[in-house]
Amino acid sequence: GKQYRFRSRPWEYRSYPSTCANCSVGCNVDLHVRKGEIVRVVPRENPDVDDGWLCDRGRFGLAPSRTDRLTTPMIRRNGTLHPTSWEEAIGAVAGSLDGLRKRFGGESLGAIGSGRLSNEENYLLQKLFRAGLESPNIDHHPRGRWADIEEAFKNLWGKTIERFSIPEIDRSDVLFLVGGDVSEDQPVIELRIKKAIRRSHAGLIMAFPWETELSPHARPWIRYRAGKGRQLIDAVLLKLEEGALENLLSEAGVSPQAVSEAASAFDRAERLTLLIGRELSSSPDWEETVAALRRLLQRRSGRGKFTQIGLMQEACNTQGASDMGLLPHRLPGYLDPGNPEARRALEVLWSRSVPDRAGLSWQEMCSAAERGKVKGLYIMSSDPVIDREMGGPVREAIARLAFVVVQDHRLTETARLA
């Protein structure tokens, strides 16, 4: 492309295999490197993941070659951030966090990790706070209710429903997309869906309050009222059971014809892929909607039909962050902190005691900071200040904290407030 033109000749660069980290799909790429600088990113075909495709964000959104990368730590003096040494920065972080722990207790501290970090980094962050600083207040951003959604289906995995496999999209005869815009969040999944529609004549049921790139391809597109996902799913189920659904249709703001088309397509599907999107996972009514989806899927139980669920998580390692215990109510491996045996296993491994209760979510940490309950935050590779819903409260919370450290490779909006 234009960014690459005249910057390198093919015989001047070396090619390194890698994985795109811009979303949760994990497309395979080759990095073309010349004199230590990445000059181009090209797709590296993996039929089970990307089918040789790479979206614009993956091709042009690479961060390592940015010119605004930080090369030294920074510390605030007299209201301004100044470069400092690693020794001074690490000493200030360790001393301030430990000082707040000794004065106000471990619950006065919180950590916000990221789905963009590696498993090892997230694991060490939660270990530092649970074992070292005695704080259960651990979470990651951005985070929907993905771990809770997976838990809601736990009795169906391997029985009524299968784990998500991207190639199965191509083999599905009906695709059911609920509460998400994969065109924006996972563009290569959108291409897979279009391929299934075009080549395999798959049907697409899309339930989403707003128009997306896939809306014209959906049969039907059910444009329900935001926050009324449960009513919509229950209406589809009642249609299949020939129940009265007028009140549900009115609440959800959808037409009888759209619900009838969705119910018919769902019922005839021999191979169904259900994709749950970001909007549903962060919606206030997520729990009710997921419970309704569970009831709907149970209708397929014992009928010999294939069903898989794909959780369209935001970041490249949102799953890993949850696995590693970057959740306020779960230890690594989704263990319950209230379970003495689970805690004992970690205490033997870490040679430290582990908090026996759930902590605060990152939103609750911000609210607690405004009330003076949380005094210090460690924010790692996350930028919650630009969160479209919580950006303002995060900014206000940071202003009230006694100490905040941001660990990132560049000066993000959140890092500017550290």
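A cavity is here a set of grid points where a 1.4 Å probe fits but cannot get out, and its volume is the space filled by probe spheres set on those points. In this predicted model, the largest cavity holds about 50 Å³ of space. By this rule, two cavities of 30 Å³ or more are counted.

Around it stand Trp 146, Ala 147, Glu 150, Leu 311, Gln 313, Thr 318, Gln 319, Ser 322 and Tyr 334. Helix H4 (146-152) and helix H13 (318-323) are the elements that give two or more residues to this lining. By class, the lining of the second largest cavity has four nonpolar, four polar and one charged residues.

Attention now turns to the sheet. Four strands form an open sheet in the order E7-E6-E13-E14, and their pairing is parallel. Strand E7 (138-140) and strand E14 (403-407) are the edge strands, each pairing on one side only. From one strand to the next, the twist averages 15 degrees. Strand E6 (residues 109-113) runs parallel to E7 and is joined to it by three bridges. Within this pair, Gly 113 stands opposite His 140 in E7. Helix H3 (residues 119-132) packs on the sheet, where it touches E6, E7 and strand E13 (376-380). The direction of H3 makes about 175 degrees with that of E6.

Leu 327 lies in the loop between H13 and helix H14 (340-350). Leu 327 counts as buried because its relative accessible area is 0%, and the cut-off for buried is under 20%. Beyond residues up to four places away in sequence, Leu 327 touches Arg 130, Ile 138, Asp 139, His 140, Arg 143, Ala 147, Ser 322 and Tyr 334. Leu 327 and Ile 112 are 215 residues apart in sequence, yet 9.5 Å apart in space, C-alpha to C-alpha.

Note on methods: Residues are numbered from 1 along each chain as its sequence is written. This is a predicted model: local features need pLDDT of at least 70, side-chain atom pairs count only at pLDDT 80 or more; totals for chains, interfaces and linings use all residues. Side-chain values use heavy atoms; hydrogens and water are left out. Two strands pair if DSSP finds at least two bridges between them. Axes are lines fitted to C-alpha atoms, for helices over the stretch in contact, and angles run from 0 to 180 degrees between N-to-C directions. Contact means heavy atoms within 4.5 Å. On a 1 Å grid over the protein atoms alone, a cavity is a set of points where a 1.4 Å probe fits but cannot get out, and a pocket is an open set with protein on both sides within 12 Å along at least five of seven lines; lining residues have an atom within 4 Å of a point. Ala, Val, Leu, Ile, Met, Phe, Trp, Tyr, Cys and Pro count as nonpolar, Asp, Glu, Lys and Arg as charged, and the others, Gly among them, as polar. Buried means under 20% relative accessible area, exposed over 50%, partly exposed in between (1.4 Å probe, protein chains only).
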